[in-house]
Amino acid sequence: MLKAGVLGAGHLGKIHLKLLQQSEAYELVGFYDDSDAVAEAVVKEFGYTRFPSRAALIEACDMVDVVTPTTHHFDCAEEVIKAGKHLFIEKPITQTVEQAVAIRELAKKHAVRGQVGQVERFNPAFSAVKDLIDNPMFIEAHRLAEFNPRGTDVPVVLDLMIHDIDAILSVVKSKVKKVSASGVSVISDTPDIANARIEFENGCVANLTASRISMKKMRKARFFQKDAYISVDFLEKKCEIVRMKDAPEQADDFAMILQNAEGIKKQIYFDNPEVQDNNAILDELEAFATSIQQDTTPVVSLAQGTEALRIAMKIIADL
């Protein structure tokens, strides 16, 4: 078992602590948080070991899980890597692309593994169909959330949209050619609702909308490719595939047949792949343990985390 510790014991940090303690891949050694009040409350409620300093925790670990505010990501990651420890770091990887590149290069220099916490990659609905998403040419994603003061210290693009940016970059095998965006600040100092259009060199276009002032929650993505449409509901953990194939000469009475202007007939097939229930955060942490033990590239590498941040920052610059 890998000795693991958590930097940051806020809302998400407490979830990571609980899951690392449950995991059979890790031995939880404890945590460190700058706030005495937060740390004391966590010790009192859960009994986790509190370390006196960041350095003391890092020294006791094989893997350090950074769940601090993004403003502290770079300093924490730099200290973890220079100590020769493996790094799991929540999204967004850092505040700036320059910091992310520096972390990536530092990890190479010290020969340690790093994974970014893009949890939707482990969403069971996305996992059920991601291998079936083949050269999509149009993608539409909506990620809507009710207002929550927690998270408003960063733009909605880094808070919410980056999940969809990362998922889309993982299935579109082409470089980004152009980014355009618009957004509105309603409650916060930075945009609370944003729309972005990402154009890829292969002709694929992705249209993303993210809002943290919605009346209802929604986390959906739709992928359109030749002869197929794939929808993923990240919130409800459901997915659907609609395929079109050449219609047989003798179709049964209940078959759905479409005929275009040229007279070509297609039959529509509906498929709802089985979605295996899981804990996506536990899965991403344990996938990282596997990559460390087997010396393989993590599912969401530091390079991929950097690219997702790079596109997010381009969107923010255009708002």
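I began with burial: 49% of the 319 residues of the chain count as buried, where buried means under 20% relative accessible area with a 1.4 Å probe, protein chains only. The model is predicted, so I note that local features need pLDDT of at least 70 and side-chain atom pairs pLDDT 80 or more, while totals for chains, interfaces and linings use all residues. Residues are numbered from 1 along each chain as its sequence is written, and side-chain values use heavy atoms, without hydrogens and water.

Next, dimensions. The C-alpha trace spans about 75 × 40 × 40 Å along its principal axes. I checked the radius of gyration, taken over C-alpha atoms, against the globule rule of 2.2 Å times the number of residues to the power 0.38. For 319 residues a compact globule would come near 20 Å, and the chain's 22 Å agrees.

I then counted secondary structure: nine helices and 14 strands, as DSSP runs (helices H or I, at least four residues; strands E, at least two) numbered from the N terminus.

I picked helix H4, residues 73–82. Which of its residues are buried? They are His73, Phe74, Cys76, Ala77, Val80 and Ile81. Down the axis of H4 these fall within an arc of 165°, so they line one face of the helix; the arc is that of the directions from the helix axis to the C-beta atoms. An α-helix has 3.6 residues a turn, so residues three or four places apart point the same way.

The cover over the buried residues of H4 includes strands E1 (2–7), E3 (63–66) and E4 (86–90), and helices H3 (54–59) and H5 (97–109). After H4 I found Gly84, with a positive phi near 80°.

Methods
Buried < 20%, exposed > 50% of the residue type's maximum accessible area, 1.4 Å probe, protein only. Contact = heavy atoms within 4.5 Å.
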